[in-house]
Amino acid sequence: MPNRLADATSPYLLQHADNPVDWWPWGPDAFEEAHRRGVPVLLSVGYAACHWCHVMAHESFEDAGLAEYLNGRFVAVKVDREERPDVDAVYMEAVQAATGQGGWPMTVFLTPDKEPFYFGTYFPPQPRHGMPSFRQVLEGVDAAWRDRREEVGEVAGRIRADLAERAAVYSAGAHNPPGEADLHQALVALSRDFDQSRGGFGGAPKFPPAMVLEFLLRHHARTGSEAALEMAVRTGEAMARGGIHDQLGGGFARYAVDAGWVVPHFEKMLYDNALLLRAYLHLWRATGSDLARRVALSTADFLLRELRTPEGAFASALDADSLDEETGQSAEGAYYVWEPGQLVDLLGPADAATAARLFTVTAEGTFEHGTSVLQLLADPEDFAEYEAIRARMAEARSSRPAPARDDKVVAAWNGLAVAALAETGALLDRPDLVEAAERAADLLLAVHLTADGRLLRTSRDGRAGANAGVLEDYADTAEGFLALYAVTGEASWLQLAGGLLDTVLKHFTDEASGALYDTADDAEELIRRPQDPTDNATPSGWTAAAGALLTYAAYTGSERHRTAAERALGVVGALAGRAPRFIGWGLAVAEALLDGPREVAVVGPDGDPATAALRRAALLGTAPGAVVAVGAPGEAGVPGEAEVPLLADRPLVGGAPTAYVCRHFACDAPTTDPAALAGKLGVVVE
């Protein structure tokens, strides 16, 4: 019989709906049941594309005997971390503090008052590699709960107090936003951590540092630092040529298990690909690299082909696992890897030899069981031959059992995709990408935005979920709307972004310190209100909000929004030298603040080629965080009542479309020449 998860909208929860475990969704009913029975709560947190979540589910949660033991002694609660990032964040912080590491699946035991007292991640069905079995863990926790309840309470109390102390660090008081010295210190720290031979930072596993790349590109644009540009270029090329990049279908896997980007953890996440799409677009804009341009376009095409939902938004992820046709079992990476014999069968001996050389497919293999993950270590000499072979391989791969898709729509990640697709479509002359960005934004407005101006975090099949949006949802959606305004000139997107950011100021901001919280002041109360400024797989809600607030202030002249951005950026200075890899987007926003950001107003008739040329020159500018507003002038060259303050009082010069560039409350002389405008904004390509 299906359990209580059968009515969930989350694909992850639905994966567990037929488990013999008597799962409860997160909510007051589960904890009331734990109080009624006088038993602890097992909290299990994961997500649909998580490989080890699947493993633990098959090994333990589908075991009828273990489920019977678990059901009799615990209330089992299952949480999709992508639906409830607030729940995940609070308990993951406790796991990391107690064990020094974290990850998913996350396994936490709680009192009926939601206080954690024992932690872990994956537990095997039998003891191995120094880990106890899951059954042993359950037995140990049950014994402690029955026989040493007072000790359990003391542990839970200490953990709660420790979490409260950690929260106080971020709200202790405002700091000044980072200055020149802080950003230079961050660059030096990144240089020490940079892998000169393989690109990226640190060792294995290696995660794609999209936000750090944005900082490096902006730092180079503002200061001319060749070291910053070199790290960005080398890392971008290494990832693009490695196995982490899908050489046939485009897009990137979540991370590489090795230091050389060869073998990925094969799940493909919307947020990674949205962030990397924008990073490669900006790498092309800064260098003119044809490789960066190709990668940006193939990543955009991947998003549209494999993650776009029928409603026009973008699904969360593709699974790491798929069916292996030879074994009949689900296996990680089965969809993506190749053997030499498969190439011969498909292409014939001559083309197979070429394909093996191009994509580094060897008899020994680079992955499991003699299979190879495709790489492109050098550009082909004959691109026509390469494209023909790649197309045949891609077509053949499409007949393999495909990885499952988590088709849950997350507001924040769709905001990131909207921004990336809008910019890519405008800069690379792909109007279909701008249209896709607008469709996704329309879905967010129609389904996720409530009548009172609040956001809901998730939807599926065009139906909104019940979970309230968190800070990153508001910030990233606002970022997407601001990018759409820059590309389309439709002032409604700017106004909608302003509404979301007003909610950030009202419900997510500590007025005394300027610190930001991940949940609203009227959200469900957890054991502490989650708050984390560090950038990990995505920009933190904190730094994303700082960036969107700064951009909105540049468009509107709002001192309130600029001050809020500056106060939020105070934490970046504290982390810049110590942990720059984990504050990359904060550093990128700080670069924009130091540069101005520059404010570009282009006035001219819509559809006029001269207006379009000025707009393109403005969008191609590498000046950090520059904002671009485009609109028609008022009657007879006299400005009318502008919907966008940046466009107010901007007449045509000599009757021709005109661009104005302002920075630090001072403006340059207006220009009608796209080349002159490009010179003011650091344009590299075209």
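1. Let's start with A612, which lies in helix 24. Helices here are DSSP runs of H or I with at least four residues, strands are runs of E with at least two, and both are numbered from the N terminus. A612 is partly exposed, with a relative accessible area of 45%. For this term, buried means under 20% relative accessible area, exposed means over 50%, and partly exposed falls in between (1.4 Å probe, protein chains only). The C-alpha atoms of A612 and T121 are separated by 54 Å, and the two residues are 491 residues apart along the chain.

2. A word on the model before going on. This is a predicted model, in which local features need pLDDT of at least 70 and side-chain atom pairs count only at pLDDT 80 or more, while totals for chains, interfaces and linings use all residues. Residues are numbered from 1 along each chain as its sequence is written, and side-chain values use heavy atoms, with hydrogens and water left out.

3. Strand 16 (residues 599-603) and strand 17 run parallel and are joined by 5 bridges; two strands pair if DSSP finds at least two bridges between them. Within this pairing, E599 stands opposite V627 in strand 17. From strand 16 the chain passes through helix 24 (residues 609-619) to strand 17, making a right-handed β-α-β crossover. Right-handed means that, with the strands pointing away from the viewer, the path from the first strand over the helix to the second runs clockwise.

4. Why is strand 17 described as largely enclosed by the rest of the structure? The reason is that 5 of the 5 residues of strand 17 (residues 627-631) are buried.

5. Strand 13 pairs with strand 14 (residues 458-460) over 2 bridges, in the antiparallel sense, and the bridge partner of V410 in strand 14 is T458.

6. Buried residues in helix 5 include P85, V87, Y91 and V95. Just after helix 5, G100 takes a positive phi of about 85°.

7. How do some of the helices pack? The axes of helix 18 (residues 471-488) and helix 19 come within 8 Å and cross at roughly 160°. That makes helix 18 roughly antiparallel to helix 19. Axes are lines fitted to C-alpha atoms, for helices over the stretch in contact, and angles run from 0 to 180 degrees between N-to-C directions. Angles under 35 degrees count as roughly parallel, over 145 as roughly antiparallel, 65 to 115 as roughly perpendicular and the rest as oblique.

8. Two further helix pairs are worth a look. Helix 19 (residues 491-507) and helix 21 (residues 559-568) have axes that come within 12 Å and cross at roughly 60°, so they are oblique to each other. The axes of helix 20 (residues 541-556) and helix 23 (residues 584-595) come within 9 Å and cross at roughly 20°. Helix 20 is therefore roughly parallel to helix 23.

9. Finally, check some backbone details. Most residues other than glycine have a negative phi, and most peptide bonds are trans. H369 has a positive phi of about 60° although it is not a glycine, and its place is in the loop between helix 14 (349-359) and helix 15. At 75% relative accessibility, H369 counts as exposed. F665 has a positive phi of about 65° and is not a glycine either. A cis peptide bond joins W104 and P105, with omega about 5°, and the bond from A204 to P205 is cis with omega near -10°.
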